[in-house]
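Trainee: May I go through a structure with you? I would like to ask about it piece by piece.
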Amino acid sequence: MARGYLRRKDKAMSIEEIEQFLAEEQVGRLASVGEDGWPYVIPLNYTFFNGQIIFHSAAGGHKLDNIAFNSRVCFVIDKCYDLVENRNPCEFSVRYKSVVVFGTARFVAAEEKKKEYLEAFIKKYALHGEVQEMASASLARTIVIAVNIEMLTGKKSGL
């Protein structure tokens with residue numbers, strides 16, 4: 001996992017801070033580009049598992065078509081804590097954290113790997129962390145995507 005370029009190095013998050021932020025947050029935004037050349041960004045739930053971004057989908061749809069066309073994606077997680085009030089627009093600020101991930105998305109085909117990734121997903125989002133047995137039919141129609149992280153940056157301000 002390489003560190004990407006960050007102009008404001010004084011705001012850089014450590015790898016440990018980035019990984020913790022990725023693990024804790026609930027929603028990220030996936031950016032992809034389709035065959036028509038148009039960028040597409042969609043918010044989605046995800047889990048950070050084994051150094052990868054994992055999400056799932058029903059079969060079909062814009063994001064899956066884009067990933068099938070071009071597996072290179074960008075994934076962003078951010079959180080704004082509060083505004084720092086200043087009447088000068090050039091000095092207006094926000095307390096925030098953000099992580100930008102560049103990577104390659106791949107469809108996970110192996111049933112056991114899909115199951116492992118979906119269990120990690122459920123452990124993150126289930127109210128009681130309980131994972132029920134997945135029906136084979138349900139597992140077969142669920143698309144699981146893993147993003148192999150190639151480069152990332154993490155930035156924070158005012159924290």
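Trainee: Which residue in strand 8 stands opposite Ser98?
Mentor: Ser98 stands opposite Lys155 in strand 8. Strands here are DSSP runs of E with at least two residues, helices are runs of H or I with at least four residues, and both are numbered from the N terminus. Please bear in mind that this is a predicted model, in which local features need pLDDT of at least 70 and side-chain atom pairs count only at pLDDT 80 or more, while totals for chains, interfaces and linings use all residues. Residues are numbered from 1 along each chain as its sequence is written, and side-chain values use heavy atoms, with hydrogens and water left out.

Trainee: How many bridges join strand 7 to strand 8?
Mentor: Strand 7 (residues 93–108) and strand 8 are joined by 13 bridges and run antiparallel. Two strands pair if DSSP finds at least two bridges between them.

Trainee: And how many bridges join strand 5 to strand 8?
Mentor: Seven bridges do so, and these strands run antiparallel. Strand 8 covers residues 142–157. His56 has Val144 in strand 8 as its bridge partner.

Trainee: What is the overall pattern of the chain?
Mentor: Along the sequence the pattern reads β-α-β-β-β-β-α-β-β-α-α-β, with four helices and eight strands. Of the 159 residues, 35% are buried. Buried means under 20% relative accessible area, exposed means over 50%, and partly exposed lies in between, using a 1.4 Å probe and protein chains only.

Trainee: A new topic: how many aromatic pairs does a search of the whole structure find?
Mentor: The search finds three. Rings of Phe, Tyr and Trp (its six-membered ring) pair if their centres lie within 6.5 Å; planes under 30 degrees apart count as stacked, over 60 as edge-to-face and the rest as tilted. One of the pairs is Tyr46 with Phe75, edge-to-face at 5.1 Å centre to centre and 70° between the planes. This pair links distant parts of the chain, 29 residues apart: Tyr46 is in the loop between strand 3 (39–45) and strand 4, and Phe75 is in strand 6 (residues 72–84).

Trainee: Is Tyr46 buried or exposed?
Mentor: Tyr46 is buried, because its relative accessible area is 0%. Phe75 also counts as buried, at 0%.

Trainee: Why is the pair of Phe49 and Tyr117 edge-to-face?
Mentor: The ring centres of Phe49 and Tyr117 are 5.9 Å apart and their planes stand at 80°, so the pair is edge-to-face. Phe49 in strand 4 and Tyr117 in helix 3 (residues 111–125) are 68 residues apart. Tyr117 is buried, with 3% relative accessible area.

Trainee: What lies over the face of Tyr46?
Mentor: Lys124 does, at 3.9 Å from the ring centre. A charge sits over a ring if NZ of Lys or CZ of Arg is within 6 Å of the ring centre and within 35 degrees of the ring normal.

Trainee: Where is Asn50, and what is its phi?
Mentor: Asn50 lies in the loop between strand 4 (47–49) and strand 5 (52–58). Its phi is positive, about 50°, although Asn50 is not a glycine. Most residues other than glycine have a negative phi. Asn50 counts as exposed because its relative accessibility is 57%.

Trainee: Finally, which side chain has a polar contact with that of Ser32?
Mentor: The side chain of Asn66 does, at 3.0 Å. A polar contact is a pair of N or O atoms within 3.5 Å; within protein, one must be able to donate a hydrogen and the other to accept it, and residues adjacent in sequence count only if both atoms are side-chain atoms. Ser32 is in strand 2 (residues 27–33) and is buried at 3% relative accessible area.
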